[in-house]
Amino acid sequence: TDGTIEPAGGTILDLETMTERALPAPEGLAGVSDVTDDGQIAVGSYRTAPAFWSATEGWVSLPVPSGYTTGYLTAVTPDGKYAVGYVVPTGSSYDRAPVMYDLASRSMIDVPNLPKLDMQHENLNQMGFFGISPDGRYLLGQMSWSYVLPAHPCTFVYDRQTSTYKMIGFTENDKAPWTPDVPNTYFVEAASMSPNGLWVGGSVYMVEALAGSEYPTEYQAAFRYNVQTDEIEIYNKAGENDYFGMVILDDGTLLCGNPASNPYRFASVRSDGYHIPLQDIFKQVYDVDIMATLGVKNTGGPFSASADGKKILLNTDPNTSYLLVTPDPLADIAKKVNLLGNYTISPVSGSVMTSLKSFTITFDRDVEINGSSSAIKCLKEDGTDTGWAPVSSGGWVANGRKVTLTYRTRTLEAGVNYTITIPAGRIRLKGDNKKTSPEIKITFTGRGTDAVRLVSATPADGSAVA
C-alpha cells in the first residue's frame with residue numbers, strides 16, 4: 001500500500017497473519033494507497049483513473065467529472081463506505097481537483113463551499129483530499145502544494161456536517177497576508193490524519209529573522225492539530241527543528257522522523273513535551289539495540305500505524321521498510337524513558353588511573369545542575385568512604401550538554417577499585433526541573449605511582465625490518 005504504480009496491481013499485507021495478497025491488474029497498471037480494516041477493499045488507481053479493488057470484484061474504475069481523465073484515491077474509511085482523492089484534467093501536469101465517492105453506489109459526492117483562494121489570494125487549480133475520518137465527516141484537504149515561492153500551500157479540514165472548512169495554522173484574509181497562529185510559520189508542508197479523524201499531524205516550514213543578519217533562518221518543524229478545537233501546536237523550541245511529523249495516533253501522539261528532508265531518518269515519539277528517539281525507547285525499556293538487531297544504520301521514518309498504536313510501519317530508506325510490533329502502544333512505552341538516561345563518561349568508566357582529577361559526563365540534551373555536590377560519594381571496593389568531594393568552586397558545573405566533576409588531585413592505591421556515585425536527580429534538563437537524571441555510577445581502578453616499565457616490544461629489539 002505504498003502507492004506504487006505497477007502491472008501487478010499492488011499488494012495487501014495482512015499484519016495479523018503476515019501473509020500477502022496480490023491485487024492483479026490484467027488490463028493495465030494499478031496502484032494502492034489505502035485499505036479497509038478487513039482487507040476486503042483497497043483504493044488507489046487503475047488504468048490511471050480513480051478506482052478501488054474489492055475481494056469480490058477485483059478492480060473497479062470510478063467515474064470522473066467532465067474534462068478529467070485520470071486521478072487517484074488517497075484514503076478510504078475503515079468500513080469501505082467512502083473514499084477520497086483527486087482527479088487530473090486532460091493534458092495537465094499540475095492541476096488537481098478533489099473528489100469524494102460513495103463506493104457502494106460508485107458515485108461522486110458533492111462537497112460544497114471548499115476554499116477558493118490560497119495564501120497568495122490565487123486559485124492555482126490544485127486541490128485534493130488526503131484523509132478522511134471513519135464516519136466520513138472530516139476530510140483533510142490541501143491546495144497549491146507545488147507552489148512554494150512565494151508560499152501558496154495551505155492545508156484545511158473540511159466538515160461535511162456543516163459544509164465548512166478551517167485552515168490549519170492560519171487565519172484567512174481575502175486582501176491582506178494570512179495571519180499564522182504561531183509566529184514565523186511560512187506554510188504547512190505536509191499533513192496526515194489520525195485513524196479516528198480527530199487529529200492532524202505533519203510538518204510546517206518556518207522562517208525566522210536572525211539577529212545581526214539580513215538572511216533569515218529556515219527550518220522544518222513537526223506539528224499537531226486538534227480537529228475539534230481548531231488548535232495547532234508547533235514543536236519548534238531550541239533543538240526541535242528538523243523534525244518531520246509523519247504519523248499521528250488516535251490520542252494525538254505524533255510519530256516523527258529526523259532529519260526532516262532526509263529519506264534516511266531516525267524515528268521518534270513526541271511524548272510529554274519532547275521527541276523521544278526510538279532507539280532510546282528500546283535500549284532503556286527492553287535493553288535492545290534496535291539498529292544492531294535489524295542490521296540497519298537508522299531506525300527509519302514512520303509512515304503508517306494501527307489505530308491502537310501497537311503496529312507501526314517504518315522506512316529505513318526509500319526501498320526498505322519494516323513492521324514494528326510492540327506489546328503496548330508505543331506512546332505509553334515512550335513515557336518510561338528517562339531523557340537523561342543516555343550519557344557518556346570521560347575518562348570512560350572502568351579506566352585505570354594513577355590519580356583522580358576530573359570526569360566529564362556528556363548527555364544528549366542541554367542540562368543544568370539540580371543540587372549541590374554534597375551527596376556525591378567516592379567509595380573503595382570494600383565500602384570505605386574516601387571522604388573525597390568535588391572542589392567547592394567549579395567542581396560541579398554544567399555547560400551545554402556536559403557536566404564536569406573536578407577533584408583536588410588524589411593519588412589512587414594500586415589495584416583498588418573505586419566508585420563515584422551521583423544520586424538520582426542531581427542533574428536536570430535545562431529549564432525543566434521535572435526531568436532529572438538517574439543515579440550515575442563511575443568506576444575506576446588505581447594504578448599506583450610506580451614508574452611505567454617496558455614489558456615487551458614488537459618487533460623485538462634488533463630485528464631486521466624492510
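Biologist: Let's start with one residue. Glutamate 240: buried or exposed?

Modeller: Glutamate 240 is buried, because its relative accessible area is 6% (buried means under 20%, exposed over 50%, partly exposed in between, with a 1.4 Å probe and protein chains only). Keep in mind that this is a predicted model, where local features need pLDDT of at least 70 and side-chain atom pairs pLDDT 80 or more, while totals for chains, interfaces and linings use all residues. Residues are numbered from 1 along each chain as its sequence is written, and side-chain values use heavy atoms, with hydrogens and water left out.

Biologist: Where is the place of glutamate 240 in the chain?

Modeller: Look in the loop between strand S20 (231–235) and strand S21 (244–248). Strands (E, at least two residues) and helices (H or I, at least four) are DSSP runs, numbered from the N terminus.

Biologist: Which residues is glutamate 240 in contact with, leaving aside its neighbours within four places in sequence?

Modeller: Contact means heavy atoms within 4.5 Å. Glutamate 240 touches Tyr235, Arg270, Gly273 and His275 in that way, once neighbours within four places are set aside. Its side chain also makes a polar contact of 2.8 Å with the side chain of arginine 270 (a pair of N or O atoms within 3.5 Å; within protein, one must be able to donate a hydrogen and the other to accept it, and residues adjacent in sequence count only if both atoms are side-chain atoms).

Biologist: What else does arginine 270 lie over?

Modeller: Arginine 270 lies over the face of tyrosine 235, 3.9 Å from the ring centre. A charge sits over a ring if NZ of Lys or CZ of Arg is within 6 Å of the ring centre and within 35 degrees of the ring normal. Arginine 265 has its charged end over the ring of phenylalanine 244, at 5.3 Å from the centre.

Biologist: And where is histidine 275 found?

Modeller: In strand S24 (residues 274–277). Histidine 275 is buried, at 4% relative accessible area, and its side chain has a polar contact of 3.4 Å with that of arginine 270. Beyond four places in sequence, the contacts of histidine 275 include Tyr235, Glu240, Cys256 and Arg365.

Biologist: How do I read a pair of aromatic rings?

Modeller: Use the distance of the centres and the angle of the planes. Rings of Phe, Tyr and Trp (its six-membered ring) pair if their centres lie within 6.5 Å; planes under 30 degrees apart are stacked, over 60 edge-to-face, and the rest tilted. Here that gives 15 aromatic pairs. Tyrosine 343 and phenylalanine 363 form a tilted one, 5.8 Å centre to centre with 55° between the planes. This pair links distant parts of the chain, 20 residues apart: tyrosine 343 in strand S28 (residues 343–346) and phenylalanine 363 in strand S30 (residues 355–363). Tyrosine 343 is partly exposed at 28%, whereas phenylalanine 363 is buried at 3%. Elsewhere, ring pairs join Tyr72, Tyr86, Phe130 and Trp145 into a cluster.

Biologist: Now the whole chain. How many helices and strands are there?

Modeller: The protein chain has 3 helices and 38 strands. Its radius of gyration is 29 Å, well over the 23 Å from the globule rule for 466 residues, so the chain is more spread out than a compact globule (the radius is taken over C-alpha atoms; the rule is 2.2 Å times the number of residues to the power 0.38). The C-alpha atoms fill a box of roughly 90 × 55 × 50 Å along the principal axes, and buried residues make up 44% of the 466.
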